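Please take a look at the structure on the screen, and then I'll walk you through it.

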Amino acid sequence: MAEDFKVTPWEVSGDIDYDLLMERFGTTPIDEALLKRLSGYGEIHPMLRRGIFYTHRDMIRLLDEYDKGNKFFLYTGRGPSGQTHLGHLMPWIFNKWIQDVFGVPMLFQMTDDEKFLFKDLTLVDTKSLAYQNALDFVALGFDPEKTKIILDTENISALYPIALKVAKKVTFSTAKAVFGFDNSTNIGSIFFTTVQAAPAFLPSEQQGRQVPCLIPCGIDQDPHFRVARDAAPGLGYPKPSMLYCKMFPGLGGGDKMSSSDENATIYTTDGAKDVKKKVGRAFTGGRVSVEEQKKCGGNPEVCAVFKYNYYLFEKDDGKINDLADKCRRGEILCGECKAALTDKINVFLEDHQQKREKAKDIVDGMTFDGFKWVK
Ligand code: TRP
């Protein structure tokens, strides 16, 4: 059944129909007109061109303000529940592009509190995972002068007054309806959405004026920001604008890369052999035999290897179309495709891992209010 999928901030399952999801959430498609307008600021990112970032809220208003000289700031985040994988990097890479193109500051929230509340992890676990994840974020090259990392349990005094104001505007019945909470939900989880809302309003609170905010992230986070946007006008804050992407696919053919399936997940710290093994086992759109594949062709639409090229690893549109055509005509076999992707991922990771090492010297200086990491 096409509707048999689930997308919430804490669970993504089933075969996601992204158009239907956009309809359910009530977000606006990124259409040709918006793409054209965005291309006026800098060469359009492949993730926009390819419909990976595909839907938004209030981008027009944000750009109108920007054109008038009212700059926005970027906000995105990470719930530190495990090591960073490629799926986490995808929206961050996009955020870095926005920072470069618009020259704007960035607030990165690490919700160690959230992962303590929602997962079987201690506060020490989530705090040290936050450090590991922060290295990957910093390694992507965010401007250290313009980027601050918030760690919830450390920076709560800046967030708490805003979270309280939001909390006063959100009823238990809204929280239940939006997030599916019930009587067995711990009460920290019910409050948590206000903490995720807070960074969106932090510059407005600090500067005493309405500072526009843009949040590029996975569409699974929309429930939080629906609540935040509804609360904003009553508190004198501007509603944050949103740019949403699809989930980065799993190697096993699923719609989302998930740490719960380690063999179908490529971590940023994986070595070349791990990558080779994992890609080697990936789900493809190939046929049962070489003969049949040469005769009938493969199906790139369902192929995890093709999706990896499409989402991250082949930026050249001509080459990606060529790859799809060749596959459909049976002119390229899965083994070749897997070997080529393995090489691309390993080249990327080798470079990333060097930058991740260098990030260790930078990340201390990027903390909001100068807190100390648990390393
Ligand atoms: N809840 C997010 C997660 O589990 C983390 C997060 C906090 C976030 N603030 C955000 C994600 C803003 C996107 C945008 O990963």
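**A walk through the model**

By salt bridge I mean a side-chain nitrogen of Lys or Arg within 4 Å of a carboxyl oxygen of Asp or Glu. Asp100 and Lys96 are about one helical turn from each other because they sit 4 residues apart in helix α5. Helices (H or I, at least four residues) and strands (E, at least two) are DSSP runs, numbered from the N terminus. In total, the structure holds 24 salt bridges.

A word on where this comes from. This is a predicted model, where local features need pLDDT of at least 70, side-chain atom pairs count only at pLDDT 80 or more, and totals for chains, interfaces and linings use all residues. Residues are numbered from 1 along each chain as its sequence is written, and side-chain values use heavy atoms, leaving out hydrogens and water.

Now the domains. The assignment, which is automatic or from a database, gives domain 1 (5-251) and domain 2 (262-357). Their C-alpha centres lie 29 Å apart. The contact (heavy atoms within 4.5 Å) takes 23 residues from domain 1 and 28 residues from domain 2.

How much area do domain 1 and domain 2 bury between them? About 2300 Å², with 65% of it on carbon and sulfur atoms. Buried area here is the accessible area (1.4 Å probe) that two parts lose on being put together, summed over both. On the domain 1 side, Arg50, Leu86 and Leu251 lose the most area to domain 2, together 39% of what that side buries. Between the two domains the count is 3 salt bridges.

Next, the spaces. On a 1 Å grid over the protein atoms alone, a cavity is a set of points where a 1.4 Å probe fits but cannot get out, while a pocket is an open set with protein on both sides within 12 Å along at least five of seven lines; lining residues have an atom within 4 Å of a point. Points are joined across faces, edges and corners, and a volume is the space filled by probe spheres set on them.

The largest pocket has about 1200 Å³ of space. Among its 45 lining residues, Pro9, Lys115, Asp220, Gln221 and Lys256 lie nearest its centre. Helix α5, where we began, gives the most to this lining, with 5 residues.

The element that gives the most to the cavity lining is α14, with 3 residues.

That's my tour, so please ask away!
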